[in-house]
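Hello,

Here is the structure I promised to pass on to you. Have a look at it first, and then read my notes below.

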Amino acid sequence: QVQLVESGGGLVQPGGSLRLSCTFSGFNLDKTAIGWFRQAPGKEREGISLISLKDGTTWYEDFVKGRFTISRDNGKNTVYLQMNSLKPDDTGVYYCAASWLWTILAEHMDHWGKGTLVTVSS
C-alpha cells in the first residue's frame, strides 16, 4: 500500500531552479524518513538529502549544501526538494524513497518512486 510519486523534473539552464515533489501514501509518519537520491548518466545512484516526517530533522550531502533545501508538508503528504543554482553535474534521474530508519543508504530504503528526470543544460 506504500506509494511514492515524484514530479517537477524538466529542462533548466545552468544557474536556474527547480522544485521537485514527492507525494506519498501508506506511511506511519512517526517512523518514516524520506530521502532524495539521484543517478547521473553512467554513475551509481547517490543519496543527496533526507528528512524526518516526525520532527523535520534534515540532512544534506556536502555537494548540495547551500543550494538545495528539503522540506515537508505532512498535511499534503508531500516532501519537496528546492534546487537552486543548478549545474550541469546535477543532471540525472531524481528519486524519492522511504525508510523506517534514519538512513541515506540506498540499500536500506524500503520503498521507491519511479523517478523524475532533471536536465541542466544550455
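**What I found**

Please keep in mind that this is a predicted model. I'll begin with Cys 96, which is buried, with a relative accessible area of 0%. Its partner is Cys 22: the two form a disulfide, with their sulfur atoms 2.1 Å apart. Cys 22 is buried as well, also at a relative accessible area of 0%. The structure holds one disulfide, and it joins distant parts of the chain, since Cys 22 lies in strand E3 (residues 18–25) and Cys 96 in strand E9 (residues 92–99), 74 residues apart. The link is right-handed, with 75° about the S-S bond.

Next, the aromatic rings. There are four aromatic pairs. One of them is Phe 27 with Trp 100, an edge-to-face pair at 6.1 Å centre to centre and 90° between the planes. Phe 27 sits in the loop between E3 and strand E4 (33–39), and Trp 100 in the loop between E9 and strand E10 (111–112). Phe 27 counts as buried at 14% relative accessibility, while Trp 100 is partly exposed at 41%. Ring pairs also bring Phe 24 into a cluster with Phe 27 and Trp 100.

Another pair is Phe 37 and Trp 112: their ring centres are 4.8 Å apart and their planes at 55°, so the pair is tilted. Phe 37 is in strand E4 and Trp 112 in strand E10, 75 residues apart. Phe 37 is buried at 0%, and Trp 112 is partly exposed at 29%.

Finally, look at Arg 45. Its charged end sits over the ring of Tyr 95, 3.8 Å from the centre, and over the ring of Trp 112, 4.8 Å from the centre.

Best wishes

Key
Residues numbered from 1 in each chain as written. Predicted model: local features only at pLDDT ≥ 70, side-chain atom pairs only at ≥ 80, totals over all residues. Heavy atoms only, no water. Disulfide = S-S within 2.5 Å. Helix = DSSP H or I, 4+ residues; strand = E, 2+ residues; numbered from the N terminus. Buried < 20%, exposed > 50% of the residue type's maximum accessible area, 1.4 Å probe, protein only. Phe/Tyr/Trp six-rings, centres within 6.5 Å; stacked < 30°, edge-to-face > 60°. Lys NZ or Arg CZ within 6 Å of the ring centre and 35° of its normal.
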